[in-house]
Amino acid sequence: MKNYKLIEWSNKLNLESFYKSAKEKNYINNSSQKNLIDCFKNEKRFNVWILYDHFEPVGSVAAHSFDDVMGEGSYRVLARCCVINGNRPNHGLGTAKRLISEHQNVNDQFYLPKCIEWANSDKLYVTSNQNSEGSQKLVDKIYFPTLQKKGIVEKIKHIRYRNTDQVVWKINIKEFQNNLRRFKRWQ
């Protein structure tokens with residue numbers, strides 16, 4: 001049984017086992033403090049959270065200002081998302097569109113609500129890409145298109161950002177929150 005807790009990142013957290021596991025899984029963006037934390041130090045505002053399961057770090061998510069791309073007061077959320085394999089309930093996002101539609105995944109249960117709370121803005125965006133690292137292709141081809149059909153995200157544009165071709169999606173926060181209430185919430 002999973003016992004998840006989302007903890008705000010600090011230098012006091014020991015994440016060596018997490019970084020090692022991320023590297024082994026080819027989750028390059030999560031494989032070191034440099035890639036997960038330090039890459040956001042030049043942002044006007046940022047935060048990173050670590051997902052723990054029974055006191056072990058098993059995942060991460062970041063959010064940061066996105067003013068340079070989408071205008072003043074905007075934020076990029078669900079950045080650096082990952083859950084180390086073996087720690088994903090329902091076997092992760094790639095298993096079934098129904099699990100995505102019903103928000104039975106870590107992104108929707110924990111990561112996005114925390115990012116929404118932290119940003120306190122209605123200008124929230126996410127990006128996806130076709131990179132082979134982690135599960136980026138699944139996020140780009142399955143996760144966001146499934147949420148788009150439900151009116152939760154809207155595809156805005158293609159950009160070159162952080163040396164990667166990416167798609168920008170705008171989050172309809174009210175639609176997400178209303179939809180999330182309709183389905184089972186995790187502890």
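The questions and answers below concern salt bridges in this predicted model.

User: How many salt bridges does the structure hold?
Analyst: Side chains of opposite charge can pair when their charged atoms come close. For a pair to count here, a side-chain nitrogen of Lys or Arg has to be within 4 Å of a carboxyl oxygen of Asp or Glu. In this predicted model, the number of salt bridges is eight.

User: How many residues apart in sequence are the parts that Asp53 and Lys2 tie together?
Analyst: Asp53 forms a salt bridge with Lys2, and their closest N and O atoms are 3.5 Å apart. Because Asp53 belongs to strand β2 (residues 46-53) while Lys2 sits in the segment before β1 (4-8), the pair ties together parts whose separation in sequence is 51 residues.

User: Is Asp53 buried or exposed?
Analyst: The cut-off for a buried residue is under 20% relative accessible area. Lys2, at 35% relative accessibility, counts as partly exposed, whereas Asp53 has 8% relative accessibility and therefore counts as buried.

User: Which residues are linked with Lys44 in a network of salt bridges?
Analyst: Lys44, which is exposed with a relative accessible area of 58%, lies in the loop between α2 and β2. Its side chain meets that of Asp67 in a salt bridge of 2.5 Å, N to O, and this pair links distant parts of the chain, since Asp67 is in helix α3 (residues 67-70), 23 residues apart from Lys44. Lys44 also forms a salt bridge with Glu72, with the closest N and O atoms 2.9 Å apart, so that parts 28 residues apart in sequence are tied together. The residues linked with Lys44 in the network are Asp67 and Glu72.

Definitions and conventions. Residues are numbered from 1 along each chain as its sequence is written. This is a predicted model: local features need pLDDT of at least 70, side-chain atom pairs count only at pLDDT 80 or more; totals for chains, interfaces and linings use all residues. Side-chain values use heavy atoms; hydrogens and water are left out. Helices (H or I, at least four residues) and strands (E, at least two) are DSSP runs, numbered from the N terminus. Buried means under 20% relative accessible area, exposed over 50%, partly exposed in between (1.4 Å probe, protein chains only).
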